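Morning, everyone. Please have a look at the model on the screen, and then we'll walk through a few spots.

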Amino acid sequence: MDKFVIRGGTPLLGTVRISGAKNAALPCMAAALLTDDTVVLENIPQVRDIETTRRLLSAMGAEVELGYGRAHHRTTIQAGKLSTPEASYELVKTMRASTLVLGPLVARCGRARVSLPGGCAIGARPIDLHIKGLERLGAKITQDHGYVEASAKRLRGAEIVFDKITVTGTEDLLMAATLAEGDTVMQNCAREPEVADLADLLNKMGAKIEGAGTSTIRIRGVSKLRGARHRIIPDRIEAGTFITAAALTGGDVKITGCDPSHLDAVLQKLHEAGVKTTHSQDSIRVMGDKPLRAADMNTEEYPGFPTDMQAQYMVVATQAEGTSIITENIFENRFMHALELVRMGAHIKMEGRRAIVRGRTPLGAAAVLASDLRASASLVLAALVADGETIIDRVYHIDRGYEHIEEKLKSVGAEIRRIGEMFPKKAAAPAKA
Ligand code: UD1
């Protein structure tokens, strides 16, 4: 298992280019299942979740070509014949977003068999709303042996009101409804830019969708979709992570290839915390020359402050003057990074969904363990400001969603290196007498 070794204390200086959004790329790859034509996706990030999705789609019989060389961010998918409309536990357990294939498969093939995701490091994460929505669209659902099976000759349009806002739930049902007979109106939808990006692709494929990016989406069902070419939007969470890295280290970094309009809540909160930024249409410059000050933060659905930036913001709070209260409203168990930050010297008290962070605490290097994707990012940030050399274990979590993070950090002056397992299993076993 790879580890990162990071020596803190260097201000980051220079330019970092942001990759395509993993959370937009995943549903767009699943959308390719809706047609037997070729779908070409540009700006696909080279991260592990994309490779998992390639394996998932290939296992169903789709041809997925991940680009290489100069075309390494292009992916071509052709789902001409789908022999096995199934997502196995082996794949779903490593990536919960695999459930995104449920809607497209039942819409295209008339049936789907997808493993239930089960528990996950950041809380229960059920998919009941995906299932309820598909039932509203006329699918027959059964569950056994840890799998959910959906079948329908042809889905029919319906009115769906989500009990709770769900991002992948909105995307799953949006895809399903494109091929349903008649009109679908979905209310209380997720408004994330990734939902709007998916709708953009689907409309290029011939779907009739209006309102994506707002809480009410209207879909006029069509009988067939065609191939399309689409460029994935930039990753707002990767951009937010680099903005906090620059601010924390007192650096000066230009973040290019991003969309500042997707980062309003993050930028507003960071301004409140004393971070200075300027931006153009597709870049943000962070000037970390001012002291940080405490600012309370609540995670919310988009356009609120993203839960995927909560762990990174917590590191900012440890360095700001004063006490910040961070409230996590989306997932019930998303403070695992806090315990590791405490091991590095942070003062954080947890009370249910709230974390009370006392600021201006010097962090010291330690050996720490990454527990999920965004938690790992926060440990990298903490290590960049810690005194000494931090070793972060289980960085495969970070490889799920950040493209070459160590290369990008190195290019702006961070002292970071990746090492393989220090004690390979065989060598670590006690020698036989
Ligand atoms: C997506 C993002 C993830 C982000 C999250 C919240 C992708 C691939 N992942 O995850 O990075 O952290 O949005 O912004 O886009 N819920 C239910 N029933 C359901 C579905 C969800 O109760 O059927 C609950 C969840 O437990 C959670 C909340 O709704 O408490 C939001 O979850 P959801 O928006 O579905 O998260 P994901 O789509 O899995």
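Which residue just after H4 takes a positive phi? Gly110 does, with a phi of about 85°. Keep in mind that this is a predicted model.

Let's stay with H4. The helix runs over residues 102-109, and six of its eight residues are buried. So what are they? Leu102, Gly103, Pro104, Leu105, Val106 and Ala107.

On the helix side, it includes H1 (22-31), H5 (128-136) and H6 (167-178). Strands contribute too, among them E6 (86-87), E7 (111-115) and E9 (147-151).

Now a helix pair. H8 covers residues 236-248, and H10 covers residues 310-319. Their axes lie 10 Å apart, at an angle of about 15°. Angles under 35 degrees count as roughly parallel, so H8 and H10 are roughly parallel to each other. The crossing of H8 past H10 is left-handed.

Who meets whom? From H8 come Ile237, Thr241, Thr244 and Leu248. From H10 come Gln312, Val315, Val316 and Gln319. By class, the contact between H8 and H10 has four nonpolar residues and four polar ones, with no charged residues.

Last point: confidence. The chain has a mean pLDDT of 93, and 95% of its residues reach 70 or more. Over residues 425-433, though, the pLDDT is below 50. Beyond near neighbours in sequence, that stretch has one contact in the model. Where pLDDT is low, predicted coordinates should not be read in detail.

That's it from me. Thanks.

Notes: Residues are numbered from 1 along each chain as its sequence is written. This is a predicted model: local features need pLDDT of at least 70, side-chain atom pairs count only at pLDDT 80 or more; totals for chains, interfaces and linings use all residues. Side-chain values use heavy atoms; hydrogens and water are left out. Buried means under 20% relative accessible area, exposed over 50%, partly exposed in between (1.4 Å probe, protein chains only). Helices (H or I, at least four residues) and strands (E, at least two) are DSSP runs, numbered from the N terminus. Contact means heavy atoms within 4.5 Å. pLDDT is the predictor's confidence in each residue, from 0 to 100. Axes are lines fitted to C-alpha atoms, for helices over the stretch in contact, and angles run from 0 to 180 degrees between N-to-C directions. Angles under 35 degrees count as roughly parallel, over 145 as roughly antiparallel, 65 to 115 as roughly perpendicular and the rest as oblique. A crossing is left-handed if the near helix is turned anticlockwise from the far one by less than a right angle, and right-handed if clockwise. Ala, Val, Leu, Ile, Met, Phe, Trp, Tyr, Cys and Pro count as nonpolar, Asp, Glu, Lys and Arg as charged, and the others, Gly among them, as polar.
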